Amino acid sequence: MEKIQELQLSKCPTGIQGLDEITDGGLPQGRPTLICGSAGCGKTLFGVEFLVRGATQYGEPGVLVTFEETASEITKNVASLGWNLNQLIAEGKILIDHIYIDPSEIEETGEYDLEGIFIRLGYAIEKIGAKRVLLDTIEVLFAGLANANIVRAEIRRLFHWLKDQGVTAAITGERGDRTLTRQGLEEYVSDCVIKLDQKTFQDIATRTLQVVKYRGSRHSNNEYPFVIEENGISVLPLTSLKLDHAVSNERISTGLAQLDEMFGGQGYYRGSSILVTGRAGTGKTTLASYFAQATCHRGERCLYLATEESPQQILRNLNSIGLDLAPYVEQGLLQFDAVRPTSYNLEMRLFKIHGWVKEFQPSTIVIDPMSNLVLSGSLIQTKNFFMRLIDYLKSKQITVCMTNLTAGDADHDYEQTEVGVSSLMDTWLDLQTLKVNGERNRILYALKSRGMMHSNQVREFILTNEGVKLVEVYLGDGKVLTGTERFNQAQKEKSASKKRRQNFELKKREYEQEKKLVQAQINALQMQLLNRDAELDLLLEEEQEEEKALLDNQNLMGKLRHLNP
C-alpha cells in the first residue's frame with residue numbers, strides 16, 4: 001500500500017477557492033498545465049493568482065514571464081484584487097520578466113529555437129528559487145513563424161524543459177477555431193488542461209471552468225461556473241457538498257403563534273428550508289418578514305435578500321400592518337441585501353451569499369422572492385443554484401425561508417414552482433386568494449412539513465393594521481367560507497345559537513312552572529293522603545276502644561254470674 005501511495009501523482013495546491021476540490025488536490029506538481037480560453041475569460045488572472053497563492057500561502061516563490069503586458073501593467077491590473085505584487089517582488093517571492101517579441105521583426109531564416117528564453121527563464125528560477133512558473137501567453141512566442149514543424153518541435157521542447165526544471169508551470173493560451181489552442185499541440189503535450197470559457201444567457205455573462213485533461217489523476221470533466229471577485233477567482237462546483245450534513249431537532253418560531261400551532265405549537269426545524277408560494281398580493285413577504293422578526297427577537301441575526309423591493313420600501317410597507325423591523329436593522333440583527341436579479345449572474349450571487357454568511361454569520365436567511373432569480377439564468381442553472389445554496393445552508397445549520405411568486409390567471413392550486421425546487425423544501429406553505437361575492441380573501445395551508453406533525457386544515461390569512469391573524473375557516477355547502485361569507489355565516493350561527501338559548505330558557509321556565517304545578521298537586525294529594533291516614537287511625541283507635549269495652553263488659557258479666565249462681 002505504501003508503494004502505491006509513493007507512485008501516486010503529487011499535487012500542487014493552487015489556493016484558488018473550489019479548484020483544488022475539483023482537481024482533487026491541485027495541479028500536477030512539477031509538470032506543465034495549460035490554461036486555455038478565449039479573450040476575457042480570466043486566463044492571466046488565473047495564472048497570477050496561482051503564483052500569488054503559492055508565494056503567500058504555501059511558501060513557493062514564482063516566476064511570471066509575460067510576452068504581452070509589462071510588469072507595471074500586470075501589477076496595476078491585479079491591485080484591485082488586493083494583491084501587492086511590488087511587495088512580493090521586493091520580498092523575493094515573485095519575479096516578473098517581460099519579454100517583448102515583435103512578430104514583424106522576426107525573419108524566418110534557418111533554425112529557430114527558444115534557447116534565449118530558456119536561459120532567461122532558468123536564471124529567474126534560480127535567482128528566487130522558484131517552484132512555480134507562469135508563461136503568459138504562449139502564442140506570442142510563435143506569432144511570426146509559419147513553419148508548423150518548427151513551432152511544434154519548440155513547443156514540445158519548452159514543455160519538456162519545464163519538466164526538467166522541476167517547477168509546476170501554468171501556460172496560458174488563446175483558443176483556436178476548432179482546437180483548444182492556436183497551434184493545436186499544447187493540449188497534447190500538457191499533463192493537465194483547464195479550459196476557461198465565457199457564456200452569455202439573456203444578456204448575462206457567466207464564466208465556466210472545465211478540466212479537460214489530467215494525466216495520472218482522477219478528475220471531473222464537468223463545466224463549473226466561476227466568478228472573479230475582489231479576492232480573486234472562486235469556483236463553486238455542484239458536487240462541492242454531499243448529503244451528509246448534520247440535522248437539528250430544535251424548533252424555532254414561525255413568527256406567528258397561530259402558525260406555530262399548525263406545526264404542533266413549536267414552529268420549523270432549525271436548519272430547514274421553508275418555501276412560501278402564492279400569487280401577487282397573497283402576503284408572502286409579510287409571512288417571511290414575521291419569520292425575520294422572530295429571528296431577531298431571539299437575539300439572532302437574519303439576512304434578508306430582496307430581489308424586488310428596496311429595504312426602505314419593505315420597511316415602510318410592513319409598518320402598515322404594525323410590523324416594525326427598523327430597530328433590528330439599527331441593532332445590527334437584520335441585514336438587507338437588495339440587488340436586482342439582472343445585476344450579475346447566479347454564480348456571483350452564490351459567491352456573495354457565501355461571503356455574507358462568513359461575514360455576517362446569520363442564523364436565518366430570507367430570499368424574497370426566489371422566483372425573480374430565474375432572470376439570471378436558465379431554469380436548469382437556477383435549479384442548480386438553489387440546489388447548491390440549500391445544501392450549503394443546511395451544512396451551516398442556517399434556516400432559509402424563500403418566497404415564490406406563483407404564475408397563473410386563475411385561482412386554483414399550483415403545487416409546483418417555476419424553478420422546480422419544491423421537492424428540496426422541508427416545509428411548504430401555500431397562500432391563495434378566493435374570489436367570492438366581489439371580494440378577495442386570503443387562505444393559508446401547509447402542503448408539507450417533513451419530520452413533524454402538521455395541520456392539514458386551511459386557515460384564513462387576515463392582514464390588519466395591528467398585524468396578521470390566522471383564523472379557522474367555516475365550511476358550508478361543501479366549500480370554504482371566508483371574508484364576508486364567513487362573517488355572515490358566523491352571524492347566522494350566532495343568531496341561531498341565541499335563538500336556541502332563548503328557546504331553551506323558555507322551555508326551562510315552562511318546565512319549572514309545570515314542575516311547580518305538579519309539585520303542588522303532589523303536595524295536595526299527600527295532604528289528602530295524610531288526612532285519610534289520620535281518619536283511618538282514628539277509626540282504628542275507636543274500634544279498638546269499643547272492642548276493649550265490650551271485652552271488659554263480658555268479663556264483668558262473667559264475674560257477676562259467678563257470684564250469683
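Modeller: To begin, Leu556, Met557 and Leu560 make a nonpolar surface patch of about 270 Å². This is a predicted model, where local features need pLDDT of at least 70, side-chain atom pairs count only at pLDDT 80 or more, and totals for chains, interfaces and linings use all residues. Residues are numbered from 1 along each chain as its sequence is written, and side-chain values use heavy atoms, with hydrogens and water left out.

Biologist: Why is Leu560 called partly exposed?
Modeller: Buried means under 20% relative accessible area and exposed over 50%, with partly exposed in between (1.4 Å probe, protein chains only). Leu560 has 41% relative accessibility, so it counts as partly exposed. Leu560 sits in helix α15 (residues 483-563).

Biologist: What is the strand order of the open sheet?
Modeller: Its nine strands run β16-β15-β17-β18-β14-β19-β20-β21-β22, with mixed pairing.

Biologist: What makes β16 and β22 edge strands?
Modeller: Two strands pair if DSSP finds at least two bridges between them. β16 (334-338) and β22 (467-472) each have a single partner strand, so one side of each lacks a neighbour in the sheet.

Biologist: How do you know that β17 and β18 pair?
Modeller: Strand β17 (residues 364-368) and strand β18 (residues 399-405) share four bridges in the parallel sense, and the definition asks for at least two. Ile365, for one, has Val400 in β18 as its bridge partner.

Biologist: Which strands does helix α14 touch?
Modeller: Helix α14 (residues 379-395) packs on the sheet against β14 (273-278), β17 and β18, where contact means heavy atoms within 4.5 Å.

Methods
Patches are made of residues with over 30% relative accessible area and no salt bridge: like charges are joined within 9 Å, nonpolar side chains (Val, Leu, Ile, Met, Phe, Trp, Tyr) within 5 Å. Accessible areas come from the Shrake-Rupley method with a 1.4 Å probe; for residues, only the protein chains shown count as cover. A salt bridge is a side-chain nitrogen of Lys or Arg within 4 Å of a carboxyl oxygen of Asp or Glu. Helices (H or I, at least four residues) and strands (E, at least two) are DSSP runs, numbered from the N terminus. Axes are lines fitted to C-alpha atoms, for helices over the stretch in contact, and angles run from 0 to 180 degrees between N-to-C directions.
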